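Visitor: I would like to learn how to read a structure like this one. Please take me through its features in turn.

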Amino acid sequence: MTFDELLDKAVCNDLVRMVFSKPRKDAFSQKMKVRPVAVKGEILFQATTAQGYKENNTYKEVHENLSDKNLIQKIKAVFPSDFSQALIETKEGGYTVLAGKKGNITIVKNKGEAPRQADLSHNRGKKYLIPEGSRIPFLEDLGVMTAEGKVVKSRYDKYRQLNRYLEFIDDVLDKLPSDKDITIVDFGCGKSYLTFALYHYLVELNKRQVKIIGLDLKSDVIKECNRLKDKYKFSGLTFMEGDIEHFDSEGSVDMVISLHACDTATDYAIYKGIKWGASVIMAVPCCQHELNKTANSSELSGVFQYGILKDRVCAAITDAMRANVLKQWGYDAQVLEFIDMEHTPKNILIRAVKGNKKMISVSESDKEKMLRELVGASITLEKLLSE
């Protein structure tokens, strides 16, 4: 059986799922999954592609619902050019497809597999870290859930955001201490939807002991947060009024969080995390204006002449510089998509996990220098650390 014959057979009759993996060295797509779905009585194929270059460690999932002909065209466009391996599961069994460097394709029928049925539901139930069905008082008071544990329809985006945030925490939970209280500082906590969710996840679901400090400039917000934490008897939570720049911790800090701190406040939050030697630093930057005001680049003059493009490019370079600085200081830094762009344009998450080395290779410093020379300016984080 040729690959084209297998593809036609699977797509036209009995596909359960396909998984395309092992991307080529310079491929933009890192993985692609395909499954049949029923949409308004019609069978389509949902292709979910993780896009992004591997060396950048930054991926975004793209979802498409395709007809059988469009799916076959898409598969032929990426296999074997982008991927070297595919798993094709049908109702009668599975096939492993291997592509060599010269484009030769080998098909192996997997033995001992029982026939399977495809799940045609368009939106399959996702297993959230905070699931529906149980009454959670803080989500009830915040208007996200009802007393019966159902998510309020108009607040579903917030519910998804809470769980997405916790997934990022869950990925690095093993990097936090298990033999003592986990100390976390949440800069710019605001109304503390995510702070309360983090406490619930760590204490109620994972039975960890924590000390979480939420800091914000607004006294009325802090007052309300303290009222709620007393109501829920969240003894490990403390909310304080103050700014990031002048806050200092009395003891060691294991995690620093800064979500949507404006402009250079993010730099101060990351600086504090590095200074304290925090095991994990998580920041969702907002309003990156500093480089927009100070950048002076002849190489980028063709871009910088357009205000909106200069703003976006400077924001991206600012966050790249922050991630590079974290790498210089011994952190494994990633730049990830926090939530879907449709909900907020400020959807970049910088997540850094402390490694074993205090400082990293000279090459990372060189990358930072090149960016600094490109825009003709430095960022506050660099200035703080140089001092």
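This is a predicted model: local features need pLDDT of at least 70, side-chain atom pairs count only at pLDDT 80 or more; totals for chains, interfaces and linings use all residues.

Visitor: What share of the contacts with a separation of 6 or more joins residues 24 or more positions apart?

Guide: Such pairs account for 65% of those contacts in the protein. As for the surface, the protein exposes about 20300 Å², and carbon and sulfur atoms supply 49% of that area.

Visitor: How do I read a single helix? Which residues of helix H2 are buried?

Guide: Buried means under 20% relative accessible area. In H2, residues 68-78, the buried residues are Leu 71, Ile 72, Ile 75 and Val 78. They sit on the same side of H2 because they cover an arc of only 135° around the axis. The face turned away from that buried side carries the exposed residues Lys 69, Gln 73 and Ala 77.

Visitor: What is to be noted about the peptide bond from Phe 79 to Pro 80?

Guide: That bond is cis, with omega near 10°. Pro 80 belongs to the loop between H2 and strand S5 (83-90).

Visitor: Which backbone atoms does the side chain of Asn 163 reach?

Guide: One is the backbone nitrogen of Ile 130, at 2.7 Å. Another is the backbone oxygen of Tyr 159, which lies 3.0 Å from a polar atom of the Asn 163 side chain. Leaving aside neighbours within four places in sequence, Asn 163 is in contact with Tyr 128, Leu 129 and Ile 130.

Visitor: And a loop residue: where is Asn 206?

Guide: Asn 206 is in the loop between helix H5 (193-205) and strand S9 (210-216). With 29% relative accessibility, Asn 206 counts as partly exposed. Not counting residues up to four places away in sequence, Asn 206 touches Leu 173 and Tyr 201. Leu 173 is 33 residues from Asn 206 along the chain, and their C-alpha atoms are separated by 9.9 Å.

Visitor: Which residues have a positive phi although they are not glycine?

Guide: Lys 207 is one of them, with a phi of about 55°. Lys 207 is in the loop between H5 and S9 and counts as exposed at 64% relative accessibility. Cys 287 also has a positive phi of about 55°. Its place is the loop between strand S12 (280-286) and helix H8 (290-294), and at 21% relative accessibility Cys 287 counts as partly exposed.

Visitor: How many salt bridges does a search of the whole structure find?

Guide: The search finds 15. To read one, look at the distance between the atoms and at where the partners sit in the chain. Asp 141 forms a salt bridge with Lys 231, and the closest N and O atoms are 2.8 Å apart. This pair links distant parts of the chain, with Asp 141 in helix H3 (residues 137-141) and Lys 231 in helix H6 (residues 219-232), 90 residues apart. Asp 141 is partly exposed at 36% relative accessible area, and Lys 231 is partly exposed at 46%.

Visitor: Which residue forms a salt bridge with Arg 372?

Guide: The partner is Glu 382, with 2.8 Å between the closest N and O atoms. Arg 372 is in helix H11 (residues 362-375) and Glu 382 in helix H12 (residues 380-386), 10 residues apart. Arg 372 counts as partly exposed at 31% relative accessibility, whereas Glu 382 counts as buried at 13%.

Visitor: Which residues are linked in a network of salt bridges?

Guide: Asp 267, Asp 319 and Arg 322 are linked in this way.

Visitor: Last, the nonpolar surface. Which residues make a patch of about 300 Å²?

Guide: Tyr 306, Ile 308 and Leu 309 make that nonpolar patch. Leu 309 is in helix H10, residues 307-328, and counts as partly exposed at 37% relative accessibility.

Notes: Residues are numbered from 1 along each chain as its sequence is written. Side-chain values use heavy atoms; hydrogens and water are left out. Patches are made of residues with over 30% relative accessible area and no salt bridge: like charges are joined within 9 Å, nonpolar side chains (Val, Leu, Ile, Met, Phe, Trp, Tyr) within 5 Å. Accessible areas come from the Shrake-Rupley method with a 1.4 Å probe; for residues, only the protein chains shown count as cover. A salt bridge is a side-chain nitrogen of Lys or Arg within 4 Å of a carboxyl oxygen of Asp or Glu. Helices (H or I, at least four residues) and strands (E, at least two) are DSSP runs, numbered from the N terminus. Buried means under 20% relative accessible area, exposed over 50%, partly exposed in between (1.4 Å probe, protein chains only). The arc is that of the directions from the helix axis to the C-beta atoms. Contact means heavy atoms within 4.5 Å. A polar contact is a pair of N or O atoms within 3.5 Å; within protein, one must be able to donate a hydrogen and the other to accept it, and residues adjacent in sequence count only if both atoms are side-chain atoms.
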